[in-house]
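Thanks for coming. Please have the model open.

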Amino acid sequence: MILRKTVVTEAKVGSDPTGRGVRNREVRLLLAGCSVLAGATLFFSGCATRETAAPTTLKDAFRKDFPIGVAINQRQFTGQDTNGVAIIVAQFDSISPENALKWDSVHPRPGTNGYNFAAADAYVAFGEKHHMLIVGHTLAWHNQTPRWVFQDANGRPLQRTNAADRALLLQRLHDHIQTVVGRYRGRIQIWDVVNEALNDGGSLSDTNLLRQRSPWVRILGDEFIVKAFEWAHEADPDAILRYNDYSIENEPKRKRLIALIKMLQAEHVPVMAIGSQTHANLTWPSAELEDAALTDIEQLGLPIHITELDVNASQAGQRSQSADVSQNVPAGGGGVADLANQKLAGQYGSLFRVFLKHRKNIKLVTFWGVTDRDSWRSFGKPLLFDGEGKPKECFQAVIRTALNAPGKLN
Ligand code: G3I
């Protein structure tokens with residue numbers, strides 16, 4: 001592992017490894033667990049339950065703990081999905097763009113004219129209109145990145161052994177980050193800077209730290225991680241910069257995560273929060289595993305964000321612990337499990353009990369989609385709202401967990 005010494009962030013972030021030294025007051029308060037969103041909606045139409053004493057929305061139930069976010073799609077941030085918009089505005093404090101800020105969406109072609117900000121602008125405008133904490137997802141990822149990024153002008157694949165190729169790819173990464181983060185400076189408060197760069201292998205004896213099949217890793221090694229964080233920090237010094245990955249509950253990947261982040265911290269690279277995607281199934285991760293994982297990750301001294309929470313209830317999904325989109329078909333077969341609604345309620349309740357136990361360090365919990373119909377794994381009916389937008393048993397279980405947590409101040 002070769003991580004080079006960097007000076008650019010030392011003064012600002014090195015002295016503040018929690019990344020909480022941001023100046024944006026609204027973000028600071030939200031990440032401290034205090035909702036500053038005016039006029040919290042106490043009536044949710046899809047739920048048809050009038051608020052009396054206890055909170056009936058997610059954001060109210062967890063107001064003293066952490067903000068609650070949700071990934072939204074184009075039909076939602078452009079207002080076409082009116083039912084979805086009503087749920088988002090009533091229930092959530094924060095939004096993530098499910099696809100709108102990925103490289104292939106925002107920067108489909110090479111060159112300064114190759115950007116297309118129509119969707120991303122609409123996404124950010126939606127968040128601002130509704131006074132939400134706005135997340136950017138994601139800057140450097142091996143998926144949903146156009147092929148041209150990793151080729152020269154003639155279509156020849158860039159090579160690690162060729163210094164000019166490496167310089168070209170770094171230049172592209174630099175321009176992409178400066179342009180995209182710079183455009184939304186002060187408006188997007190949190191960025192997933194590097195996504196899923198860790199080796200996904202399930203064995204402790206597999207010593208590769210990084211995902212060898214990623215073209216970023218293949219061509220640039222770990223340099224792209226260092227540079228991506230440095231350039232994102234330059235482009236918006238107030239943004240909270242995350243490293244985001246899935247299945248970090250599992251020990252081999254968690255150890256790699258901790259090793260990577262410690263190396264970045266030793267070099268004063270401005271990584272400010274850990275994103276744990278938490279694409280779960282009905283039994284994995286168990287409460288014990290989730291607790292052990294969060295406890296282990298806390299040694300990094302960084303805020304933890306649960307970034308893509310869902311619980312796959314499909315039969316075949318019970319054997320899968322991968323959130324790689326290539327695993328989606330195998331994770332989808334067999335229809336939903338028996339007693340899926342009850343089991344979803346049990347698993348969501350169990351996960352939120354653990355999140356609440358760690359609420360000192362968990363600064364955001366985001367669901368990956370609004371309703372089961374919107375989800376990337378809709379076959380597994382993984383979310384709190386059914387395809388019509390009605391709250392499921394697991395929605396009530398999550399609210400109950402918030403209200404019954406020991407030591408609650410609500
Ligand atoms: O944009 C094209 C559209 O032009 C085309 O007509 C259509 C035809 O199928 O496909 C559209 O692209 C799809 C895209 O979502 C936008 O809808 C892709 O095929 C599809 O693969 C893509 O899936 C997304 C997936 O990431 C890609 O890797 C999912 O919606 C999104 O939920 C999922 O999210 C990822 C996170 O970003 C990172 N962590 C894992 C998570 C789940 O895989």
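I start with the crossing of α12 and α13, which is right-handed; a crossing counts as right-handed if the near helix is turned clockwise from the far one by less than a right angle, and left-handed if anticlockwise. Before the rest, two remarks on the source. This is a predicted model, in which local features need pLDDT of at least 70 and side-chain atom pairs count only at pLDDT 80 or more, while totals for chains, interfaces and linings use all residues. Residues are numbered from 1 along each chain as its sequence is written.

Helices here are DSSP runs of H or I with at least four residues, strands are runs of E with at least two, and both are numbered from the N terminus.

Back to the pair. On the α12 side the contact is made by Ala287, Glu290, Asp291 and Leu294, and on the α13 side by Ser350, Leu351, Arg353, Val354 and Lys357. Contact means that C-beta atoms, placed from the backbone, lie within 7 Å. By class, the α12–α13 contact has four nonpolar, one polar and four charged residues. Nonpolar covers Ala, Val, Leu, Ile, Met, Phe, Trp, Tyr, Cys and Pro; charged covers Asp, Glu, Lys and Arg; the others, Gly among them, are polar.

As for geometry, the axes of α12 and α13 come within 9 Å and cross at roughly 25°. α12 is therefore roughly parallel to α13, since angles under 35 degrees count as roughly parallel. The axes are lines fitted to C-alpha atoms over the stretch in contact, with angles from 0 to 180 degrees between N-to-C directions.

What does α13 pack against with its buried residues? The partners are β9 (279-281), α12 (287-297), β10 (304-312), β11 (362-367) and α14 (393-404). The buried residues of α13 include Leu344, Tyr348, Phe352 and Phe355. Buried means 20 or more other C-beta atoms within 10 Å of a residue's own, exposed means 12 or fewer, and partly exposed is in between, with C-beta atoms placed from the backbone.

Next, leucine 220, in helix α9 (residues 215-220). Leucine 220 counts as buried because it has 22 C-beta neighbours inside 10 Å. Beyond four places in sequence, leucine 220 contacts Arg166, Leu169 and Leu170.

Last, glycine 201, in the loop between β6 (190-195) and α9. Glycine 201 has 15 C-beta neighbours inside 10 Å, so it counts as partly exposed. Its C-alpha atom is 7.5 Å from that of proline 252, 51 residues apart along the chain.

Conventions
Contact = placed C-beta atoms within 7 Å. Parallel < 35°, antiparallel > 145°, perpendicular 65-115°, else oblique.
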